[in-house]
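Welcome, and thanks for opening your viewer. Follow along one selection at a time, and take a moment to look around at each stop.

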Amino acid sequence: MQDKMYLLSIAELLGGTEGEIIMAQAMDKVDEDRRIKAERIKRQSAKAACVGAGLLLQVAVRDMLEQICKKKPMIEGRKASPDLHSDLPQYSVQELLEQIESPILLEYTYGQNGKPYFKEYPFHFNLSHSGEFVVCVVSEREVGVDIQEHRNGNVERIANRYFTAEERKTLEECEPAGQRQMFFDLWATKEAYGKYTGEGIVESLEKKIPASKVELQIIHSIPGYSLAVCKGKDGTLEEMRKL
């Protein structure tokens, strides 16, 4: 089964009255748990990210089930590459609304630290959002994904507080013009690793990511953003959590 990544711009859900109309349409296309969660969110940007994630999950589950059944993908001509690399396809909300006729029933279970899993489907997923984008990855293996908008801030101060000595050295050796990109690349990999293990960013901040045990990919196809994916390679996830 091929791993897949899906990227959605939620800009259409943030545009005043028209955005509210599209939001109402989108709420009818996500699973019930996601809809209930979104209804409780007051901040529009957070609600849009929640609903956008729900739309991507609908696409991802349909696509993976059709792949298992050896059928064509749900959205033809929009496959992610096998290694989830730079030709990452980007969708609009309207495009997904046109593709999803009715939502698939999705039930979730949760790991010790709250990492969600599908209750009935034999594959893993992970979600992330930042700025105007939501990203979803589905895989046969445990997976973590993170997207980071390149926001303003004192990256040197943050790096000195949270990065390992090796990571700080990498950042210091980077050309000044590329330091902000490098900072967010490093931060995204930390987040993706923490989401892969299920321990979260707090536990992974000061840890050295065991490169021999995981596969890390950094994708630069979205201007102004860093995107990282982390999957297991050798050893079990339980071994990762002991590191």
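**First stop: a lysine and its partners**

Select Lys-231, which is buried, with a relative accessible area of 5%. Here, buried means under 20% relative accessible area, exposed means over 50%, and partly exposed is in between (1.4 Å probe, protein chains only). This is a predicted model, in which local features need pLDDT of at least 70 and side-chain atom pairs count only at pLDDT 80 or more, while totals for chains, interfaces and linings use all residues. Residues are numbered from 1 along each chain as its sequence is written, and side-chain values use heavy atoms, with hydrogens and water left out.

Lys-231 forms a salt bridge with Glu-215, and their closest N and O atoms are 3.9 Å apart. A salt bridge is a side-chain nitrogen of Lys or Arg within 4 Å of a carboxyl oxygen of Asp or Glu. This pair links distant parts of the chain, 16 residues apart: Lys-231 sits in strand S9 (residues 225-232) and Glu-215 in strand S8 (residues 214-219). Helices (H or I, at least four residues) and strands (E, at least two) are DSSP runs, numbered from the N terminus. Glu-215 counts as partly exposed, at 28% relative accessibility. Select Asp-3 and Arg-141 too: together with Glu-215 and Lys-231 they are linked in a network of salt bridges.

How many salt bridges does a search of the whole structure find? The search finds seven. For another one, select Lys-190 and Glu-167, whose side chains meet with 2.9 Å from N to O. Lys-190 lies in helix H7 (residues 179-197) and Glu-167 in helix H6 (residues 165-172), so the pair ties together parts that are 23 residues apart in sequence. Are these two residues buried or exposed? Both Lys-190 and Glu-167 are buried.

Next, go to Glu-32 and Arg-35, whose side chains form a salt bridge at 4.0 Å, N to O. Glu-32 and Arg-35 are separated by about one helical turn because they are three residues apart in helix H2 (residues 32-39). Glu-32 is partly exposed at 48% relative accessible area, and Arg-35 is partly exposed at 26%.

Select Leu-13, Leu-55, Leu-57, Leu-96 and Phe-118. They have the most contacts inside the largest nonpolar core, which has 37 residues. A nonpolar core is a set of buried Ala, Val, Leu, Ile, Met, Phe, Trp, Tyr and Cys residues joined through side-chain atoms within 4.5 Å. Several elements each supply at least two residues of this core, among them strand S1 (4-9), helix H1 (16-27) and helix H4 (93-99). Which helix gives the most to this core? Colour H3, which gives 12 residues.

Zoom in on Leu-13. Setting aside residues up to four places away in sequence, Leu-13 touches several others, including Ile-22, Met-23, Ala-48 and Val-93. Contact means heavy atoms within 4.5 Å. A second, separate core of 14 residues includes Met-5, Leu-88, Val-135 and Tyr-225.

Show S5 and S6, which pair in the antiparallel sense over seven bridges. Two strands pair if DSSP finds at least two bridges between them. In S5, five of the seven residues are buried. Find His-129, which stands opposite Val-134 in S6. The hairpin has two residues between its strands, and Gly-131 takes a positive phi near 60°.

Select Pro-103, in the loop between H4 and strand S3 (108-110). Pro-103 is partly exposed, with a relative accessible area of 33%. Leaving aside its neighbours within four places in sequence, Pro-103 is in contact with residues including Asp-28, Val-30 and Arg-62.

**Last stop: cysteines and the whole view**

Select Cys-50, which is buried at 5% relative accessible area, and then Cys-69, which is exposed at 52%. A search of the whole structure finds zero disulfides, a disulfide being a pair of cysteine sulfur atoms within 2.5 Å.

Finally, zoom out. The protein has nine helices and nine strands, and 50% of its 243 residues count as buried.
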